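Good morning, and thank you for the time.

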Amino acid sequence: MALLDYIPTGEANAVTTAELLRLTGIPSVRALRKEIHQLREQGHIICASMEPPAGYYLAENPQEAARFVRSMESRRREIGRAIRAAKKYIQETGGESVDR
């Protein structure tokens, strides 16, 4: 069976990373995340929740997808702040430029 076959529909049915690794035989968390990323790029709405029941699930409705989008946008903002802080440090200490 393919990874997508093991991801349930609905946040209440979310399956943990550990369970997906066990069920699928995927060798590592990194490999699992890569496969989930590829499925998302193909258009599958695979959501993730950090709150119990934490894990991965397919959006059951637009509201679940919207919660996931808000969560990802929040993470994007946090990453942006961390990048800006690191760039500022590099610039202030005379380090190598990281801008392309």
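Buried residues account for 23% of the 100 residues in this protein, where buried means under 20% relative accessible area, exposed over 50%, and partly exposed in between, with a 1.4 Å probe and protein chains only. The model is a predicted one: local features need pLDDT of at least 70, side-chain atom pairs count only at pLDDT 80 or more, and totals for chains, interfaces and linings use all residues. Residues are numbered from 1 along each chain as its sequence is written, and side-chain values use heavy atoms, with hydrogens and water left out.

First, the fold. Three helices and two strands make up the secondary structure; these are DSSP runs, helices being H or I with at least four residues and strands E with at least two, numbered from the N terminus. Along the sequence the order is α-α-β-β-α.

As to dimensions, the radius of gyration, taken over C-alpha atoms, is 17 Å, whereas a compact globule of 100 residues would have one near 13 Å. That globule rule is 2.2 Å times the number of residues to the power 0.38. Along the principal axes, the C-alpha atoms fill a box of roughly 50 × 30 × 25 Å.

Let me turn to Gly-55, in strand E2. Is Gly-55 buried or exposed? Gly-55 is buried, at a relative accessible area of 10%. Leaving aside residues up to four places away in sequence, Gly-55 touches Ala-14, Val-15, Thr-16, Cys-47, Ala-48 and Ser-49, a contact being heavy atoms within 4.5 Å. Gly-55 and Ala-18 are 37 residues apart in sequence, yet their C-alpha atoms are 9.1 Å apart in space.

Finally, the largest pocket. On a 1 Å grid over the protein atoms alone, a pocket is an open set of points where a 1.4 Å probe fits, with protein on both sides within 12 Å along at least five of seven lines; lining residues have an atom within 4 Å of a point. The largest pocket holds about 580 Å³ of space. It has 19 lining residues, and Ala-48, Ser-49, Met-50, Tyr-56 and Arg-75 are the closest to its centre.

Which elements each supply at least two residues of that lining? They are helix H2 (29-41), strand E1 (46-49), strand E2 (55-58) and helix H3 (62-92). H3 gives the largest share, five residues.

Technical notes: Points joined across faces, edges and corners; volume = space filled by probe spheres on them.
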